[in-house]
Amino acid sequence: MNFDFSDEAKELGEQARKLLAEKAGTGPARKAMADGAPAMDAGLWKEISELGWTAARVPEAHGGLGLSVEEVAQLAEAAGGSLATVPLVSTLLATEALVLAGTEAQQAKWLPGIASGEVIATVAWSEPGAVNPANVKTVAKGGALSGVKQPVADLPVAHVAIVAAAGADGPQLYIVDLKGADTATVETVDLVRRHGKLTLNNTPAEALGDAGDYQDWLDRAAIILAYEAIGTAQAAMAMSVDYAKTRVAFGQKIGRYQSVKHKCADMYIKLELARAHALHGVAMIGTNGAELRQAAAAARVASLDALAFCAEENVQLHGGIGFTWESDCQFYYRRNRALVAALGPRGWWADRLVRALEQRNRAAA
Amino acid sequence: MDFNDTPQEAEYRATVRAWLEDNASEYRDPPAESWKLPEFIARSKAWQAKKHAAGYTGITWPKMFGGQGLTPMHSIIYGQEEGRWHVPQGLYSIGLGMCIPTVFTHGNPEVIQRYVPKALLGEEVWCQLFSEPAAGSDLAGIRTKAVKDGDEWVIDGQKVWTSFAHASDFGIVVCRTDPNMPKHKGLTMFIVNMKAPGVTVKGIKQMSGGSDFNEVFFDGVRVQDSHRLGEVGNGWKVALTTLMHERLAVGGKPRYAPGYETLMKLAKGVEAPDGSPAIGASDVRQKIAQTYINDQGIKLTQMRALSALSKGQVPGPEQSISKVVVAKTMQDLASFALDLSGGDGFVAGSDADPELAKLQGSYLGSAGLRIAGGTDEILRNIIAERVLGLPGDMRPDKDTPFNQAVPV
């Protein structure tokens with residue numbers, strides 16, 4: 001049995017965490033939060049592109065490294081933990097869609113630029129009034145889309161968007177070149193990551209795969225985002241544990257109190273459950289396993305549970321100082337909302353998990 | 001990544017599987033009625049002897065103690081394969097899993113020669129005498145005393161929660177030999193004959209109705225100094241090696257305990273408040289998802305540990321979350337499912353639906369599982385302190401002589 005990341009993937013993750021610990025983190029995140037700050041850290045983007053992070057998943061034929069989703073997961077976790085102000089996860093999510101469902105021509109058009117870092121990509125499924133990925137109102141007609149997509153992560157810096165819209169057989173993905181598209185910045189609860197509004201008014205778009213591919217992409221996106229959530233939750237937990245080791249109250253380190261200690265243990269428990277399911281998802285992608293849908297939904301739900309708990313209890317554990325603007329607690333607390341908005345709420349994914357289990361039972365019967 | 005055996009593992013598994021096919025055929029199905037104790041013991045002994053002859057006992061033990069000298073993976077593979085059969089299980093898990101490794105680690109050569117082979121063969125059953133009425137989570141607070149008398153020790157006191165004491169021939173018992181020392185320092189471990197004069201075993205009836213444990217009373221029980229395990233005053237360290245030998249639990253949720261599948265089945269036949277099948281109700285589906293995430297999450301976490309073992313590495317600390325998740329999930333699932341069943345879930349005994357009776361058993365039993373082998377609270381302490389590196393609780397009695405410690 002080999003239920004673990006490859007040594008190569010772990011090594012890339014280690015390298016990514018190290019670099020981002022140095023170049024990103026809560027300090028740069030705070031700068032990005034200021035009025036008039038640039039929408040991304042262009043210097044860091046150049047550096048990580050040169051290191052091949054955006055090329056990881058791109059096939060070699062299109063200028064990439066042709067690596068597996070294991071490497072993508074490691075990068076997403078590192079990005080999540082560092083709050084890095086680069087559109088890495090958005091680009092990884094879009095890349096996954098192109099690699100999964102793109103025609104040769106579509107891949108040849110977009111993937112080389114993504115691999116080199118010149119093209120920034122994002123995905124847009126959320127809409128005003130839509131609370132789950134099955135419910136899209138944007139319509140496709142004659143090679144064009146009409147509708148409104150928001151909030152779209154990293155839209156203000158992106159060159160291309162992978163857009164979910166209602167096709168003939170249900171929701172599916174489309175490629176929209178953002179050159180000349182109607183985009184605007186949207187304020188969100190997350191003050192660090194930029195989001196936008198994409199207004200589609202008979203905007204030219206190319207279908208990317210079919211309705212089945214959309215469902216498959218949702219599984220993959222859920223797993224990649226689970227790793228971003230895990231990285232973010234892990235950072236919040238580390239902040240709590242560090243504080244519990246140093247803060248003194250009633251004559252002792254607060255980490256000696258069981259109410260504090262058990263809170264930290266519960267953070268760890270939720271994180272490890274999320275890691276188990278997320279790794280299951282990665283394994284299912286790698287082996288074309290039959291349990292991909294249930295693994296992906298479980299990873300999504302468990303990682304959102306872990307992140308919400310770690311981010312919320314991290315503020316609580318810090319007490320009053322944790323509630324101040326100056327404290328770094330708010331970054332994880334706010335990012336929690338961004339990651340829920342990124343692919344739909346816990347409840348919808350829990351239901352998708354049960355539907356996958358029912359489907360499996362029917363198939364076995 | 002893959003979920004397959006290595007070629008060596010696959011070969012061992014095939015050998016084990018073939019042997020079980022040839023030798024375990026009478027245990028293909030669960031017994032129609034659960035065995036009474038004498039039959040359980042007789043069957044356990046016969047099965048252990050059969051395994052022993054075939055080389056499936058002491059799989060990870062050194063060869064010099066009669067073991068097979070193989071890896072934890074071999075032991076796990078054997079356990080997985082044996083787990084597909086309904087062979088008698090449990091009589092030797094504490095003796096061979098914890099007591100005897102302590103005997104061969106700390107005992108003198110004569111003692112090892114006398115006890116280890118018979119234990120491995122299954123002729124003699126062992127129990128572990130650690131917990132006391134006033135020392136459960138705080139194990140080092142035990143009061144059972146042993147006083148030196150010539151070449152012997154005299155033991156007086158009481159132990160509790162001793163599994164299979166009533167079926168045991170011997171036990172390892174941790175005693176206080178010097179109450180003038182701080183609590184962890186004045187302890188010593190001995191081998192005790194459970195049939196010796198002065199040993200009284202009394203069954204405990206649990207709130208679930210079952211009787212899995214005993215109280216054991218020691219009244220002037222005499223033990224040879226040669227039956228001491230480790231140095232005088234070193235009993236705490238010896239006890240820790242016993243606990244370290246606790247085998248890697250592979251199953252997660254107890255084998256027959258209801259899980260998310262139970263709830264999925266049940267909810268099809270029960271009505272939601274609006275009269276539709278409960279399987280469509282949002283709260284039911286959320287509970288199914290949560291139960292899957294917890295139980296399957298623990299299974300997957302254990303697979304991470306197995307992968308490390310398979311590569312000859314030491315598993316990470318993630319395994320420490322298993323019991324604290326499994327026990328509470330069992331309780332929550334059973335409670336939710338019984339809620340859903342209304343009055344039917346309350347009717348018990350011969351009037352009960354068998355599936356609901358299982359859930360009732362799980363509801364009652366899980367309350368004990370949350371305590372046995374480390375309470376939820378102690379397990380969270382362990383995660384926080386050993387995995388996350390948080391400081392230990394304040395222990396005002398830690399450095400005070402045991403007989404002078406006053407509760408604060």
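Author: Gladly! Let's begin with a cut-off: a residue counts as buried under 20% relative accessible area, as exposed over 50%, and as partly exposed in between. Please keep in mind that this is a predicted model.

Reader: Then why is A:E14 called partly exposed?

Author: A:E14 has 45% relative accessibility, so the label is partly exposed. That value falls between the cut-offs of 20% and 50%. A:R17 is partly exposed too, because its relative accessibility is 31%.

Reader: What makes A:R17 and A:E14 a salt bridge?

Author: A salt bridge needs a side-chain nitrogen of Lys or Arg within 4 Å of a carboxyl oxygen of Asp or Glu. In A:R17 and A:E14 the closest N and O atoms are 3.8 Å apart, so the pair meets that definition. The two residues sit 3 residues apart in helix α1 (residues 7-23) of chain A, which is about one turn of the helix.

Reader: How do you know that B:R43 and B:E39 form a salt bridge as well?

Author: The same test applies: their N to O distance is 2.8 Å, and the cut-off is 4 Å, so they qualify. Both belong to helix α2 (residues 37-54) of chain B, 4 residues apart, again about one turn. B:R43 has a relative accessible area of 23% and is therefore partly exposed. B:E39, at 37%, is partly exposed as well.

Reader: Are B:R228 and B:D225 buried or exposed?

Author: Both are buried, so each has under 20% relative accessible area. They also form a salt bridge, with the closest N and O atoms 3.0 Å apart. Elsewhere in chain B, a network of salt bridges links B:D5, B:R13, B:R17, B:E81 and B:R84. Over all chains, the search finds 43 salt bridges.

Reader: How many salt bridges are there between chain B and chain A?

Author: There are 8. One of the salt bridges joins the side chains of B:R285 and A:E358, at 3.0 Å from N to O. Helices α7 (260-268), α8 (282-310), α9 (322-341) and α11 (376-387) of chain B each supply at least two residues of the side that touches chain A. The most comes from α8(B), with 18 residues. By type, the side of chain B that touches chain A divides into 24 nonpolar, 14 polar and 12 charged residues. The contact as a whole takes 50 residues from chain B and 48 residues from chain A, and the area buried between them is about 4,300 Å², 62% of it from carbon and sulfur atoms.

Reader: What makes A:D305 and A:R346 a polar contact?

Author: Their side chains come to 2.6 Å. The definition asks for a pair of N or O atoms within 3.5 Å, one able to donate a hydrogen and the other to accept it, so the pair qualifies. A:D305 lies in helix α9 (residues 292-318) of chain A, and among the residues it touches beyond four places in sequence is B:Q290.

Reader: Which residues touch the most other members of the largest nonpolar core?

Author: They are A:W53, A:L88, A:I162, A:W217, A:Y227, A:L343 and B:I288, in a core of 171 residues. Helix α7 (residues 211-246) of chain A gives the most to this core, with 20 residues. A second, separate core of 34 residues includes B:I41, B:F65, B:L139 and B:F164.

Methods. Residues are numbered from 1 along each chain as its sequence is written. Chains are lettered from A and ligands numbered from 1 in the order in which they are written. This is a predicted model: local features need pLDDT of at least 70, side-chain atom pairs count only at pLDDT 80 or more; totals for chains, interfaces and linings use all residues. Side-chain values use heavy atoms; hydrogens and water are left out. Contact means heavy atoms within 4.5 Å. Buried area is the accessible area (1.4 Å probe) that two parts lose on being put together, summed over both. Ala, Val, Leu, Ile, Met, Phe, Trp, Tyr, Cys and Pro count as nonpolar, Asp, Glu, Lys and Arg as charged, and the others, Gly among them, as polar. A nonpolar core is a set of buried Ala, Val, Leu, Ile, Met, Phe, Trp, Tyr and Cys residues joined through side-chain atoms within 4.5 Å. Buried means under 20% relative accessible area, exposed over 50%, partly exposed in between (1.4 Å probe, protein chains only).
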